[in-house]
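Reader: Could we go through this one together, starting with the overall picture and then moving to individual residues?
Author: Happy to; here it is.
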Amino acid sequence: MLSPRHETGPPDLTTPEGFGAFYEDHIDAVLGFVTRRVSDPHLAADLTADIFLAAMGSASSYRPHRGAPVAWLFGIARNVLSGHARGRARESGALARLSGRRLLDDEDVAALEERIDAERAFRDLAERHSALSEPLRAALDLLVLDQLTPAEAAQALGVTQTTIRVRLQRARRALRGPHPATEHQLEAAR
């Protein structure tokens, strides 16, 4: 037998009044569905609220002629509970991965700091290298990186061996001297 408010048919779930009546008619059934599957009362209350929120969000898709409203709600409830279970499984997996990682000890931190310092020194040297003029950089690269002899480097650049040696000396001096940005900052401070 229909309750007095359903004498004219099922409530319109798209209105606050209609959904309120629908909620009151089915809250006990949904709570029963959830509490049979969850033992924590707070979680049961949260999941029940999530089920009705999901039902409210899809109220426009509800079709009373397709079956009992409680079946529609239980379908939503199954989806909400499945989503919750998937979320818990992801959370458990993430916690297991995190707990499997060891914390850094002092030796690890020191090694990382050394590596960071070495990388910083490399970046600084790379900046200084790129700041060299093209003739100095070309001579340095051929002699140091490509490991050519001064005679071979001179031949490759079409200059004398003396010119190569002078360029190498200037390049090394520029690489050892204060960083160009530091020099500029010092001049600006004067």
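Reader: What share of the 190 residues in the protein is buried?
Author: Buried residues make up 25% of the 190, where buried means under 20% relative accessible area, exposed over 50% and partly exposed in between, with a 1.4 Å probe and protein chains only. This is a predicted model, in which local features need pLDDT of at least 70 and side-chain atom pairs count only at pLDDT 80 or more, while totals for chains, interfaces and linings use all residues. Residues are numbered from 1 along each chain as its sequence is written, and side-chain values use heavy atoms, with hydrogens and water left out.
Reader: And how many helices and strands are there?
Author: The protein has eight helices and zero strands, these being DSSP runs numbered from the N terminus (helices are H or I with at least four residues, strands are E with at least two).
Reader: Switching to charges, how many salt bridges turn up in the whole structure?
Author: The search finds three, a salt bridge being a side-chain nitrogen of Lys or Arg within 4 Å of a carboxyl oxygen of Asp or Glu. Asp117 pairs with Arg120, with the closest N and O atoms 2.7 Å apart, Arg128 meets Asp124 at 3.1 Å, N to O, and Glu134 pairs with Arg137 at 3.0 Å.
Reader: How far apart along helix H4 are Arg128 and Asp124?
Author: They are four residues apart in helix H4, which means that about one helical turn separates them. Arg128 counts as buried at 12% relative accessibility, whereas Asp124 is partly exposed at 28%.
Reader: What about Asp141, which side chain of opposite charge is nearest to that one?
Author: That is Arg137, 5.1 Å away, and Asp141 is buried yet has no salt bridge; in this count Lys and Arg are positive and Asp and Glu negative, while His and the chain ends are left out. Asp141 lies in helix H5, residues 134–145.
Reader: Which side chain does Asp141 have a polar contact with, then?
Author: The side chain of His129, at 2.7 Å. A polar contact is a pair of N or O atoms within 3.5 Å; within protein, one must be able to donate a hydrogen and the other to accept it, and residues adjacent in sequence count only if both atoms are side-chain atoms.
Reader: Where is the largest pocket, I mean which residues line it?
Author: The lining consists of Phe122, Leu125, Ala126, His129, Leu140, Asp141, Val144, Leu145 and Leu175, and helices H4 (106–131) and H5 each supply at least two of the lining residues. On a 1 Å grid over the protein atoms alone, a pocket is an open set of points where a 1.4 Å probe fits, with protein on both sides within 12 Å along at least five of seven lines, and lining residues have an atom within 4 Å of a point.
Reader: How much space lies in there?
Author: About 200 Å³, with grid points joined across faces, edges and corners, and the volume being the space filled by probe spheres set on the points.
Reader: Last one: what does Leu132 touch, beyond its neighbours within four places in sequence?
Author: Leu132 lies in the loop between H4 and H5 and is in contact with Arg137, Leu140, Ala171, Ala174 and Leu175, where contact means heavy atoms within 4.5 Å. The C-alpha atoms of Leu132 and Ala171 are separated by 7.0 Å, although the two residues are 39 apart along the chain. Leu132 is buried, with a relative accessible area of 8%.
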